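Student: I have not looked at this structure before. Can we go through its aromatic rings step by step?

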Amino acid sequence: MTLIKSISGIRGTIGGPAGQGLTPLDVVKYAAAYGTWALAQPAASRTIVIGRDARLSGAMVSSLVAATLQGLGLDVVDLGLSTTPTVEMAVLAKQAAGGIILTASHNPKQWNALKLLNAQGEFISDADGQQVLALADREAFDFAPVTKLGQYTTDDEFLARHIAAVVALPLVDVDAIRARNFRVVVDAVNSSGGIAVPQLLAALGVTTVEKLHCEPTGDFAHNPEPLPENLRDIAKVLEKGSFDLGIVVDPDVDRLALVSENGEMFGEEYTLVAVADYVLQAHGGGNTVSNLSSTRALRDVTERHGGHYAAAAVGEVNVVAKMKETQAVIGGEGNGGIIYPELHYGRDALVGIALFLTHLAKSGLTVSRLRASYPGYFISKNKIELTPEIDTDMVLVEMEKRYAKQPVNTIDGVKIEFGKEWVHLRKSNTEPIIRIYAESDSNATADYLAQKIIGDIKEIIAVKA
């Protein structure tokens with residue numbers, strides 16, 4: 001497996017020969033490139049905040065990153081075992097020049113990554129990412145003399161500050177949550193969420209918490225992506241009928257999935273929908289943003305509250321930019337990522353949990369009944385693999401032409417709308433693949449739409465061959 005380079009950072013598998021995966025040499029090179037980029041920014045600070053999830057390679061990668069940054073003359077504040085949103089908030093709080101989060105998010109335990117932040121505690125832009133990659137390619141680094149090496153300090157208190165900031169939000173009602181006496185099961189897939197989520201629940205007044213895979217060993221008990229097929233353990237616990245809610249986070253705690261009291265999945269897509277419903281209700285309306293591959297249900301709920309919905313290209317940095325442009329009160333991605341600007345501009349499962357529990361408490365409903373109150377849509381996720389010689393950009397252009405009579409959005413691939421149904425085509429940046437997402441109010445129709453589009457693509461390829 002080669003390195004995967006994107007605007008959010010560098011990731012790969014740990015172990016193996018040079019040139020395959022993310023090696024210690026790669027870690028040093030890209031940390032040095034990022035540090036060199038940070039030093040060239042106008043910010044006066046020479047501090048970088050780092051933090052990691054609990055994956056097995058985390059301590060090793062963290063040590064390499066910290067030492068490399070010190071070698072450049074940068075001061076390092078190490079949050080240790082932490083969460084992605086905690087590091088993001090710490091960058092701002094400490095007025096740092098940026099931050100590096102050492103996590104491969106939902107990828108399996110053999111993966112790790114360097115996720116790169118700017119001075120606002122947000123993921124660096126595509127343009128900035130290209131600068132970092134160029135510096136790495138040239139290995140254009142100037143290390144500091146021994147008398148000017150950076151300092152290294154730790155801060156194991158910032159997670160508590162993060163939780164306190166969540167609990168203090170005006171829309172988080174601890175009294176309402178405590179009064180409902182929720183009984184909660186938590187699956188933190190043996191990572192830092194096993195520390196963060198129980199602490200948050202305690203601060204919210206939740207006293208009955210069943211911990212499942214909450215030991216932060218990094219030896220993930222199941223595939224860490226919070227999809228239904230990976231959540232059988234927590235579903236079985238809830239099926240017994242003794243709990244009100246299941247909470248699932250990914251290894252770095254920026255994605256939130258919920259499980260109903262009967263063991264049924266709430267649906268990652270609907271985490272944002274439910275939280276947005278509560279926020280919009282409290283604000284008396286407002287604007288929302290999600291990416292093009294997220295459910296239409298957010299648009300429906302937003303318009304029901306008199307607000308305006310806008311779609312962004314896939315990727316947190318793109319969603320954040322659109323949220324700022326439209327002054328959105330809530331936004332995120334359909335993978336369970338909640339972005340609540342009143343706290344910070346980053347996906348944050350902790351604020352999602354607090355807002356959802358407040359919403360659930362005030363509604364007086366069970367989780368399953370709350371889910372049933374929202375529009376019911378189904379997303380069919382597919383892909384078509386192409387041979388390397390096929391021009392994927394040409395295929396997308398031809399698809400746009402073929403459906404020119406329909407509303408088409410081309411800011412990120414091609415999204416075609418058919419009333420309340422839609423299909424989104426995106427090419428992979430690393431493989432000759434076109435990913436195809438289709439949504440409808442029935443599974444069968446969503447699958448049919450996806451297969452229809454796949455058939456169209458095959459026709460285009462046959463004609464152009």
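Predicted model: local features only at pLDDT ≥ 70, side-chain atom pairs only at ≥ 80, totals over all residues.

Student: Tyr34 and Trp37 form an aromatic pair; is it stacked, edge-to-face or tilted?
Tutor: The centres of Tyr34 and Trp37 are 5.6 Å apart, with 35° between the planes. Stacked needs under 30 degrees and edge-to-face over 60.

Student: What separates Tyr34 and Trp37 along helix α1?
Tutor: Both residues are buried. They belong to helix α1 (residues 24-39) and are 3 residues apart, so the separation is about one helical turn.

Student: Which kind of pair do Tyr403 and Phe418 form?
Tutor: Their ring centres are 5.8 Å apart. The planes stand at 90°, and over 60 degrees counts as edge-to-face. The pair is therefore edge-to-face.

Student: Where do Tyr403 and Phe418 lie, and how far apart are they in sequence?
Tutor: Tyr403 lies in the loop between α14 (392-402) and β17 (408-409). Phe418 lies in strand β18 (residues 414-418), so the pair ties together parts that are 15 residues apart in sequence.

Student: Is Phe418 buried or partly exposed?
Tutor: Buried means under 20% relative accessible area. Tyr403, at 12%, counts as buried. Phe418 has 22% relative accessibility, so Phe418 counts as partly exposed.

Student: Which ring does the charged end of Arg371 sit over?
Tutor: The charged end of Lys324 sits over the ring of Tyr345, 5.1 Å from its centre. For Arg371, the charged end is 3.5 Å from the centre of the ring of Tyr270.

Technical notes: Residues numbered from 1 in each chain as written. Heavy atoms only, no water. Phe/Tyr/Trp six-rings, centres within 6.5 Å; stacked < 30°, edge-to-face > 60°. Helix = DSSP H or I, 4+ residues; strand = E, 2+ residues; numbered from the N terminus. Buried < 20%, exposed > 50% of the residue type's maximum accessible area, 1.4 Å probe, protein only. Lys NZ or Arg CZ within 6 Å of the ring centre and 35° of its normal.
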